[in-house]
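Please consult the sequence and the coordinates alongside each answer.

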Amino acid sequence: QVQLVESGGGLVQPGGSLRLSCVASGSIASINAMAWYRQVLGKQRELVARITSGGSTNYADSVTGRFTISRDNAKNTAFLQMNSLKPEDTAVYYCNANIKSELRLGWFDYWGQGTQVTVSS
């Protein structure tokens, strides 16, 4: 079984920073890409940032220059450093990873439970 657990969300003032973490654990053989998505109630989940196993990254236009995704492959962990936060960044942030489990054939997408980020004065 594979689990993704996010942490680091919270309430921050506009212009502030937060760092999200996502740890993958369980029967993991290999991890391909890891990504962060976010979702506002009533809207579709959207990709925020993605990083491959080799370190290549891509970002949503709305966060480019403010957010940075990184990962520690040895610890099966991904991070999202969020700077210059705006009220419109308020959402539940979800970690996603494409993982090859030791228990079944093939690659599958796994999701964390989400962490709330609220940007408000």
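**Salt bridges, disulfide and fold**

Q: How many salt bridges does a search of the whole structure find?
A: The model is a predicted one. Side chains of opposite charge can pair when their charged atoms come close. A search of the whole structure for such salt bridges finds three.

Q: Which residue forms a salt bridge with glutamate 46, and what is the distance between the closest N and O atoms?
A: A salt bridge requires a side-chain nitrogen of Lys or Arg within 4 Å of a carboxyl oxygen of Asp or Glu. For glutamate 46 the partner is arginine 38, and the closest N and O atoms are separated by 2.7 Å.

Q: What is the N to O distance in the salt bridge of arginine 38 and aspartate 89, and how many residues apart are the two?
A: The side chains of arginine 38 and aspartate 89 meet in a salt bridge with an N to O distance of 3.0 Å. Arginine 38 belongs to strand S4 (residues 28-39), while aspartate 89 is in the loop between strand S8 (77-82) and strand S9 (91-101). The pair thus links distant parts of the chain, with a separation of 51 residues.

Q: Which parts of the chain does the salt bridge of arginine 66 and aspartate 89 tie together, and how many residues apart are they in sequence?
A: Arginine 66 and aspartate 89 meet through their side chains in a salt bridge of 2.8 Å, N to O. Arginine 66 lies in the loop between strand S6 (57-59) and strand S7 (67-72), and aspartate 89 in the loop between S8 and S9, so the parts tied together are 23 residues apart in sequence.

Q: What is the relative accessible area of aspartate 89?
A: Arginine 66 is buried because its relative accessible area is 11%, and buried means under 20%. Aspartate 89 is also buried, and its relative accessible area is 1%.

Q: With which residues is aspartate 89 in contact, leaving aside its neighbours within four places in sequence?
A: Contact here means heavy atoms within 4.5 Å. Leaving aside neighbours within four places in sequence, the contacts of aspartate 89 are Arg38, Arg66, Phe67, Ser84, Val117 and Val119.

Q: Which residues are linked in a network of salt bridges?
A: Arginine 38 forms salt bridges with glutamate 46 and with aspartate 89. Aspartate 89 also meets arginine 66 in a salt bridge. The network of salt bridges therefore links Arg38, Glu46, Arg66 and Asp89.

Q: What is the handedness of the disulfide between cysteine 22 and cysteine 95?
A: The search of the whole structure finds one disulfide. Cysteine 22 and cysteine 95 form it, with their sulfur atoms 2.0 Å apart. The torsion about the S-S bond is about -80°, so the disulfide is left-handed.

Q: How many residues apart in sequence are the parts that cysteine 22 and cysteine 95 tie together?
A: Cysteine 22 counts as buried at 0% relative accessibility, and cysteine 95 counts as buried at 0% as well. Cysteine 22 is in strand S3 (residues 18-26) and cysteine 95 in strand S9, so the pair ties together parts with a sequence separation of 73 residues.

Q: What is the radius of gyration of the protein chain?
A: The protein chain has zero helices and eleven strands. The globule rule gives 14 Å for 121 residues, and the chain is close to that value, so it is as compact as a globular protein of that length; its radius of gyration is 14 Å.

Q: What phi does glycine 106 take in the hairpin of S9 and S10?
A: S9 and strand S10 (residues 107-111) run antiparallel and are joined by five bridges. Within this pairing, asparagine 98 has aspartate 109 in S10 as its bridge partner. The hairpin has five residues between the strands, and glycine 106 takes a positive phi near 95°.

Conventions:
Residues numbered from 1 in each chain as written. Predicted model: local features only at pLDDT ≥ 70, side-chain atom pairs only at ≥ 80, totals over all residues. Heavy atoms only, no water. Helix = DSSP H or I, 4+ residues; strand = E, 2+ residues; numbered from the N terminus. Buried < 20%, exposed > 50% of the residue type's maximum accessible area, 1.4 Å probe, protein only. Disulfide = S-S within 2.5 Å. Rg over C-alpha atoms; globule rule 2.2 N^0.38 Å. Pairing = 2+ DSSP bridges.
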